Structure formats: structure tokens, C-alpha cells
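Subject: Structure handover

Hello,

Here is the structure I said I would pass on.

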Amino acid sequence: MIEPAIIIGLILRLWNLLIPKSLWGDTFFSLSLAQKPLKEGIVAAINDVHPPLYPILSHFCSYNETTLRILSLVAGVGTIYAVYLLAREVMKATGAISGNE
């Protein structure tokens, strides 16, 4: 039953990817970190207020806004699936799926 949610999430993210937009602040920041040498980018990402994983991963993409947005697309669709798995486990643990009380 997760497939419709993943398909809808993918369509919405692809729709936003295909509409040309200028870079927003966070995407521009990630792009600027991606263009730095890896060690310098990691230090800058760690010292920022945001979690450092995305800027570090963006270093391994090519240095343009489309690939950065594709990285966000993959992360967003992956998050839908991860939340589904987490919710399923919580519902099993509470007996909400099996009907146990």
C-alpha cells in the first residue's frame, strides 16, 4: 500500500525539479560547500547549524543545481519509505495492525 504514496511523492518532487527556478539559500549554500575541497567542506558543514550529511553528499554530485535537486529528490522519496517502515513497526508494536489490545 506504500506504492501510491511513493509514486505521488516522486511525481511532486519531479514536478518541482522540472520547473526552472533560481537557487534558494540552502541549495546555494550546499552548492558552495560542494565546490570546496572535501576536507574544507566537511569542516564548514560541521560548523553550520544544519546537519552536515547533505552538504557532504552533495560534494560527490557534479557541481550544478540539477544534480543537487536530484539528491534532494532521492532523499525525499527515501524518507517517505522510511516513515512508512517506522509507522508499520510502531503499529505492530502497539497491536494496531493485528487487532490485539
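Which residues form a nonpolar patch on the surface? The residues are L10, L14 and L18, and together they have about 270 Å² of accessible area. Keep in mind throughout that this is a predicted model. L18 sits in helix α1, which covers residues 3-18. Its relative accessible area is 67%. L18 counts as exposed because the cut-off for that word is a relative accessible area over 50%.

Next, helix α2, residues 25-34. Its buried residues are T27, S30, L31, L33 and A34. Looking down the axis of α2, you will find these buried residues within an arc of 165°, so they line one face of the helix. The face turned away from that buried side carries the exposed residues G25 and F28. What lies over the buried residues of α2? The cover includes α3 (38-46), α4 (53-59) and α5 (65-94).

Helix α5 takes up the rest of these notes. It has 30 residues. From its first C-alpha to its last, α5 reaches 43 Å, which is close to the 44 Å expected at 1.5 Å a residue. The buried residues in α5 are L68, R69, L71, L73, G76 and V77. They pack against α1, α2 and α4. After α5 comes G95, which has a positive phi, near 80°.

There is also a charged pair to look at. The structure holds 1 salt bridge. Which side chains meet in it? They are those of E89 and K92, at 3.8 Å from N to O. Both residues belong to helix α5 and lie 3 residues apart, about one turn of the helix.

Are E89 and K92 buried, exposed or partly exposed? E89 has a relative accessible area of 42%, so it is partly exposed. K92 is at 48% relative accessibility and therefore also counts as partly exposed. The reasoning is the cut-off again: partly exposed is the range between buried, under 20%, and exposed, over 50%.

To go through this on screen, begin with the patch of L10, L14 and L18, then turn to the buried face of α2, and finish with E89 and K92 in α5.

Regards

Conventions
Residues are numbered from 1 along each chain as its sequence is written. This is a predicted model: local features need pLDDT of at least 70, side-chain atom pairs count only at pLDDT 80 or more; totals for chains, interfaces and linings use all residues. Side-chain values use heavy atoms; hydrogens and water are left out. Patches are made of residues with over 30% relative accessible area and no salt bridge: like charges are joined within 9 Å, nonpolar side chains (Val, Leu, Ile, Met, Phe, Trp, Tyr) within 5 Å. Accessible areas come from the Shrake-Rupley method with a 1.4 Å probe; for residues, only the protein chains shown count as cover. A salt bridge is a side-chain nitrogen of Lys or Arg within 4 Å of a carboxyl oxygen of Asp or Glu. Helices (H or I, at least four residues) and strands (E, at least two) are DSSP runs, numbered from the N terminus. Buried means under 20% relative accessible area, exposed over 50%, partly exposed in between (1.4 Å probe, protein chains only). The arc is that of the directions from the helix axis to the C-beta atoms. Contact means heavy atoms within 4.5 Å. The expected span of a helix is 1.5 Å times one less than its number of residues.
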